[in-house]
Each structure stands twice: as structure tokens, then as C-alpha cells.
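Q: Please walk me through the model shown here. Start with the terms, then go on to the packing and a few individual residues.

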Amino acid sequence: MTRREVREQLFVLLFQKEFYAENEFEEQLGAYFETHDFGEEQEAVKERLGSICERLPEIDQQISAHSRGWKLDRIGKEELAILRLAVYEVIFDEDIPVGVAINEAVELGKKYGAEGGAAFINGMLGNIADE
């Protein structure tokens, strides 16, 4: 899998997380990994997803602090999942340049987000990256 494909799968998993209780999500996660071929990337995807989920309170705090009056529950679930992944990459993943993380998030926003979602994502991440 390419980095872009891995990132897209992480987005899908983070998006799914919004719809399940923690124990149900673990079951869904197991089923997802059984039905999707990640090849040799499977352990890396699981590890990265776990790292993102561990840091969700910090990630969500960053999103809330820069959302200018938008509560997390008002942000579209697609955009929220993309933002969570991108904020993780911007703040916690030193292997990914900030510009790449933002660009990839904007591309995911164009593909999966609502109209105007990519611009919202770009603005939010630009503000977070400027700090």
C-alpha cells in the first residue's frame, strides 16, 4: 500500500469510530481487518490507529481551540475524521512534513467531505500548523 492508501484507510477507520461504542468498535475493527487486505502494512496501520486513538483528547482539544465557535459535534463526521488524522500527523508524526499532511487532508476533504469541507480543513490545519 502507498502512504496515501494507508492514510485513506486510517481515515475510514477513524470515521467508523464515531458510530460505535468502544467495545463495538473493537469488534468492527477486527472484522475490517479480516475483510480488507493490508498486506505487510496491517500491523503498521493498527499501531498508527492505536496511537491516534490514544491521543484523541489532545487532538480534539487542538481542533476545538482552532474551530472558532464550532463545537466538535457540529463538524461533519467526515471532516472531523480527516482533521483528527491530519492533526495527529502535524503534531505527533515527525516523519511527515506539515505541508504534506495538510495537502493530503485537503485531498481527502475533496474526495469525502461536504461541499466546502476541503477549504474548512485547510483553514483549520493552517491555523494549527502556524502555532
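A: Residues in contact here have heavy atoms within 4.5 Å of each other. Helices are DSSP runs of H or I with at least four residues, numbered from the N terminus. Bear in mind that this is a predicted model: local features need pLDDT of at least 70, side-chain atom pairs count only at pLDDT 80 or more, and totals for chains, interfaces and linings use all residues. Residue numbers run from 1 along each chain as its sequence is written, and side-chain values use heavy atoms, leaving out hydrogens and water.

Q: Which residues of α6 do the α5 residues meet?
A: On the α5 side, the residues are Glu78, Ile82, Leu85, Ala86, Glu89 and Val90. Their partners in α6 are Val98, Ala101, Ile102, Ala105, Leu108, Gly109 and Tyr112.

Q: What is the orientation of α5 relative to α6?
A: Axes are lines fitted to C-alpha atoms, for helices over the stretch in contact, with angles from 0 to 180 degrees between N-to-C directions. The axes of α5 and α6 come within 9 Å and cross at roughly 170°. Angles under 35 degrees count as roughly parallel, over 145 as roughly antiparallel, 65 to 115 as roughly perpendicular and the rest as oblique. That makes the α5 and α6 pair roughly antiparallel.

Q: How many nonpolar residues are in the contact of α5 with α6?
A: Ala, Val, Leu, Ile, Met, Phe, Trp, Tyr, Cys and Pro count as nonpolar, Asp, Glu, Lys and Arg as charged, and the others, Gly among them, as polar. Sorted that way, the contact of α5 with α6 has 2 charged residues and 1 polar one, and its nonpolar count is 10.

Q: How is α3 placed relative to α4?
A: Helix α3 covers residues 42-54 and helix α4 covers residues 56-66. Their axes are 5 Å apart, and the packing angle is about 60°. With that angle, α3 relative to α4 is oblique.

Q: Which residues make the contact in α3 and α4?
A: From α3, the contact uses Ile52, Cys53 and Glu54. From α4, the ones involved are Leu56, Pro57 and Ile59.

Q: What is the charged count in the contact of α3 with α4?
A: Nonpolar residues number 5 in the contact of α3 with α4, and there are no polar ones. The charged count is 1.

Q: Is Lys17 buried or exposed?
A: Lys17 sits in helix α1. The scale runs like this: under 20% relative accessible area is buried, over 50% is exposed, and in between is partly exposed (1.4 Å probe, protein chains only). Lys17 has a relative accessible area of 14%, so it's buried.

Q: What is the relative accessible area of Gln16?
A: Gln16 is also a residue of helix α1. Gln16 falls in the partly exposed class, with a relative accessible area of 23%.

Q: Where is Leu80 found, and which residues is it in contact with beyond four places in sequence?
A: Leu80 is found in helix α5. At a relative accessible area of 4%, Leu80 is buried. Its contacts, leaving aside neighbours within four places in sequence, are Glu18, Ile63, Leu72 and Ile75.

Q: How far apart in space are Leu80 and Ala119?
A: In sequence, Leu80 and Ala119 are 39 residues apart. In space, C-alpha to C-alpha, the distance is 13 Å.

Q: What is the relative accessibility of Leu83?
A: Leu83 has its place in helix α5. Leu83 counts as buried because its relative accessibility is 0%.

Key
Helix = DSSP H or I, 4+ residues; strand = E, 2+ residues; numbered from the N terminus.
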